[in-house]
Amino acid sequence: MRNLILILVMILSLPFFGFAAENSEVEKNYQAALLENKKYAAQMAELESLQKAEKKIAYQYADGKDELRKTLDEYYQVMEALKTEKDDKLPGELQGKFMALRRAVRKELLHSDEYIRIEQKSLILCLKMNLRANQIASDSTDPRVIKYKEFLSEYIDNSFKQLAHKMPKDDCEGSDEFRAAMHVAKLYKKDPLKYKWQMVHCNAGLLNKVHILAASDPAVKKAEQTREVVSAQNMIYMASLNEKHLDLYRNAELADMAVLSKDQNATQNAYEQRKILREAYEKDSEYIRLLNDLQNALNDYQKKVDEFVAGSDAPAAMEYRKFSAFMKD
C-alpha cells in the first residue's frame with residue numbers, strides 16, 4: 001500500500017491529498033533529501049520531461065476537439081492548483097473534481113497510441129524511482145527521511161483505522177480492524193463469490209497492523225524488500241507488454257472505466273477484456289518467469305510474517321491468529 005501511494009503520487013505529480021500544510025513541508029524535505037542522490041535526481045528530471053511530452057501529446061490529440069481541449073485546460077488548471085496551494089486550504093470538492101477530470105481526459109486519450117506509450121514509460125520510470133527511493137530510505141539516518149517515514153506510516157495507519165471505524169463490525173471483543181474483518185469473514189464463508197472483494201477490503205486494516213508489527217523482525221524486513229523488488233520488476237515488464245499490445249490494453253482500460261456505470265453487461269465485458277489481455281501476457285515466457293518469482297516472493301514474505309506472528313503476544317498478533325483460525329475452520 002505504501003509503495004502504491006508513492007507511485008501514484010509521482011505519476012500524477014501531486015502532493016498527497018488531505019495532508020496538513022506542516023506535513024506537506026515534511027514531504028518537500030523528504031524529496032529534497034532524495035534529490036541529493038544523483039541517480040534519483042536524474043530520474044526525476046527524466047520524469048518531468050516525460051510529463052511535459054505527455055501534455056504536448058494530449059493537446060495535439062485534442063486539436064480540433066473543442067470539448068476535449070476545454071476539459072484538458074480545466075484538468076491542468078486543477079492539477080496546478082493542487083500542486084501549488086497549501087493542502088489544508090484545499091476544499092475536498094477540488095480533489096474530487098481533479099479525479100473526475102482525469103478519468104474524462106484519460107477516457108479520450110486512451111484512443112491515442114502515442115499517449116499510451118508515454119503513459120507506460122512514465123509508469124516504468126516511477127516504479128524504478130520508487131525502488132531507488134526505498135533503497136535510499138531503508139537505512140538512511142537523515143532526519144528528513146526518518147521524519148517522513150514516521151509521518152507516512154502514521155498517516156496510512158490512521159487511514160486504515162478510520163476506514164475500519166466506519167465499516168460494519170462483528171459483535172465480538174477486539175479492535176475495530178479485527179471486528180470488521182470478522183464481520184465480512186462470516187459473510188464470505190456463506191457466499192465466497194459474492195463477498196470476495198469485500199473480504200479483501202475489510203481485512204486490510206487487520207493485515208496492515210500485523211505487517212507493521214512483523215516489520216520489526218529482520219527476516220520479515222528482508223523478505224519484504226525482496227517482494228517489493230520482484231513486484232516492481234513484474235509491473236515494469238507488464239507495462240512494456242502493454243506497449244506491445246496497445247489495442248488489448250486500450251480495450252481493457254476503457255472497459256474498466258465503463259464499469260463505473262454499474263451496468264452488469266459492462267462488468268462482464270471488463271472481465272472478458274482483462275482476460276484477453278492476461279492471455280496475451282501469458283504467451284510471454286519472461287512474464288511467466290517473473291510471475292512465478294513474484295508468487296514465490298509473496299509466499300516467502302507471508303511465511304515469514306506468519307512465523308513471527310505465531311510467537312508474538314502482541315494484541316494484533318493474537319487477533320490475526322484468531323482470524324486465521326476462523327478462516328481455516
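Two residues are in contact, or touch, when they have heavy atoms within 4.5 Å of each other. This is a predicted model: local features need pLDDT of at least 70, side-chain atom pairs count only at pLDDT 80 or more, and totals for chains, interfaces and linings use all residues. Residues are numbered from 1 along each chain as its sequence is written, and side-chain values use heavy atoms, with hydrogens and water left out.

**Exercise 1. Find how many helices and strands the protein has, and what share of its residues is buried.**

Step 1. Helices (H or I, at least four residues) and strands (E, at least two) are DSSP runs, numbered from the N terminus. The protein has 15 helices and 0 strands.

Step 2. Buried means under 20% relative accessible area, exposed over 50%, and partly exposed in between (1.4 Å probe, protein chains only). Of the 329 residues, 40% are buried.

**Exercise 2. Decide which residues of helix α15 are buried and which are exposed.**

Step 1. Helix α15 covers residues 315–328, which is 14 residues. From first C-alpha to last it reaches 20 Å, close to the 20 Å expected at 1.5 Å a residue. The expected span is 1.5 Å times one less than the number of residues.

Step 2. The buried residues of α15 are A316, A317, E319, Y320, F323 and S324. They lie on the same side of α15, because they cover an arc of only 160° around the axis. The arc is that of the directions from the helix axis to the C-beta atoms.

Step 3. P315 and K322 are exposed, on the other side of α15.

Step 4. The buried residues pack against α8 (176–190), α9 (196–202), α10 (204–214) and α14 (285–310).

**Exercise 3. Name the residues that touch the most other members of the largest nonpolar core.**

Step 1. A nonpolar core is a set of buried Ala, Val, Leu, Ile, Met, Phe, Trp, Tyr and Cys residues joined through side-chain atoms within 4.5 Å. In soluble globular proteins, nonpolar side chains tend to be buried together.

Step 2. The largest core has 37 residues, and Y30, L72, Y75 and Y76 touch the most other members. Helices α2 (21–34), α3 (38–61), α4 (66–84), α5 (92–109), α6 (113–138) and α7 (143–166) each supply at least two residues of this core.

Step 3. Apart from this core lies another, of 11 residues, among them M167, F178, C202 and F323.

Step 4. Now take Y75. Not counting residues up to four places away in sequence, Y75 touches F98, L101, R102 and V105.
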